[in-house]
Amino acid sequence: MTQRSLVLLKPDAVRRGLTGEIISRIERKAGWQITALELRTLDSETLEQHYGEHKGKPFYEPLVEFMASGPVVAMVVEGERVIEGVRALAGPTDPIAAAPGSIRGDFGVIVRENLIHASDSEESAERELKIFFPGRV
Ligand code: RTP
Ligand code: MG
């Protein structure tokens with residue numbers, strides 16, 4: 001089943017020079033393609049739309065501040081089972097709970113600064129792709 005996922009390499013990944021490593025892991029999966037890729041700094045409107053489901057939670061304000069603290073790499077990744085697949089490459093939200101070999105497990109420690117976002121369902125992907133790449137998807 002060919003799918004599309006909206007993937008963000010978060011500001012910690014960019015600051016630490018890990019984008020090449022992470023993109024390389026995604027690129028090497030058989031049949032997956034990166035069909036859009038852009039470095040950009042996110043504004044508060046975009047972040048409010050993207051993380052709206054978390055509004056009101058204790059971690060929401062620091063999350064949005066972190067996500068606006070520097071540029072991110074925004075990507076569209078297409079391919080077979082890519083939604084579940086990028087989430088598997090990323091590992092669980094808490095990097096300490098993430099297995100070595102996963103992106104978060106290899107490079108993360110802090111829950112907030114967990115390097116990567118990837119759409120968690122087809123519905124989320126369509127919603128997020130419209131926010132980040134309007135007119136392109
Ligand atoms: P994402 O949406 O960024 O792909 O991450 P996720 O699905 O694995 O996790 P989610 O529950 O949607 O949380 C969104 C992001 O908020 C930060 N977070 N901080 N307790 C905390 O301090 C906390 N919990 C979540 C993380 O950056 C998480 O990825
Ligand atoms: Mg999420």
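Is Asn 114 buried or exposed, judged by its C-beta neighbours inside 10 Å? In this predicted model, Asn 114 has 23 C-beta neighbours inside 10 Å and therefore counts as buried, the cut-off for that class being 20 or more. Asn 114 is located in the loop between H6 and S4, and, when residues up to four places away in sequence are not counted, its contacts are Thr 93, Pro 95, Arg 104 and Gly 108.

Asn 114 also belongs to the set of residues around ligand 1, which consists of His 54, Phe 59, Leu 63, Thr 93, Val 111, Arg 112, Asn 114, His 117, Ala 118 and Asp 120. By residue type, this shell is made up of four nonpolar, four polar and two charged residues. Under "binding site", an unreviewed UniProt entry lists Lys 10, Phe 59, Arg 87, Thr 93, Arg 104 and Asn 114. Arg 87, one of the positions listed in that entry, is placed in helix H5 and is partly exposed, because 19 other C-beta atoms lie within 10 Å. With residues up to four places away in sequence left out, Arg 87 touches Ala 118 and Asp 120, and both Ala 118 and Asp 120 are among the residues around ligand 1.

Most residues other than glycine have a negative phi. Leu 115, although not a glycine, has a positive phi of about 75°; this residue is found in the loop between helix H6 (103–107) and strand S4 (116–118), and it is buried, since 27 other C-beta atoms lie within 10 Å. Arg 81, likewise not a glycine, has a positive phi of about 50° and is situated in the loop that runs between strand S3 (72–80) and helix H5 (82–90). With 15 C-beta neighbours inside 10 Å, Arg 81 counts as partly exposed, whereas Leu 115 is buried.

Helix H2, which spans residues 19–27, has Thr 19, Ile 22 and Ile 26 as its buried residues. Viewed down the axis of H2, these buried residues fall within an arc of 75°, and they therefore line one face of the helix. On the other side of H2, the exposed residues include Gly 20, Ser 24 and Glu 27.

Terms used: Residues are numbered from 1 along each chain as its sequence is written. Chains are lettered from A and ligands numbered from 1 in the order in which they are written. This is a predicted model: local features need pLDDT of at least 70, side-chain atom pairs count only at pLDDT 80 or more; totals for chains, interfaces and linings use all residues. A residue is near a molecule or strand if its C-beta atom, placed from the backbone, lies within 6 Å of it. Ala, Val, Leu, Ile, Met, Phe, Trp, Tyr, Cys and Pro count as nonpolar, Asp, Glu, Lys and Arg as charged, and the others, Gly among them, as polar. Helices (H or I, at least four residues) and strands (E, at least two) are DSSP runs, numbered from the N terminus. A residue is buried if 20 or more other C-beta atoms lie within 10 Å of its own, exposed if 12 or fewer, and partly exposed in between; C-beta atoms are placed from the backbone. The arc is that of the directions from the helix axis to the C-beta atoms. UniProt positions are given in the numbering used here, feature names are shortened, and annotations may be inferred rather than shown by experiment. Two residues are in contact if their C-beta atoms, placed from the backbone, lie within 7 Å.
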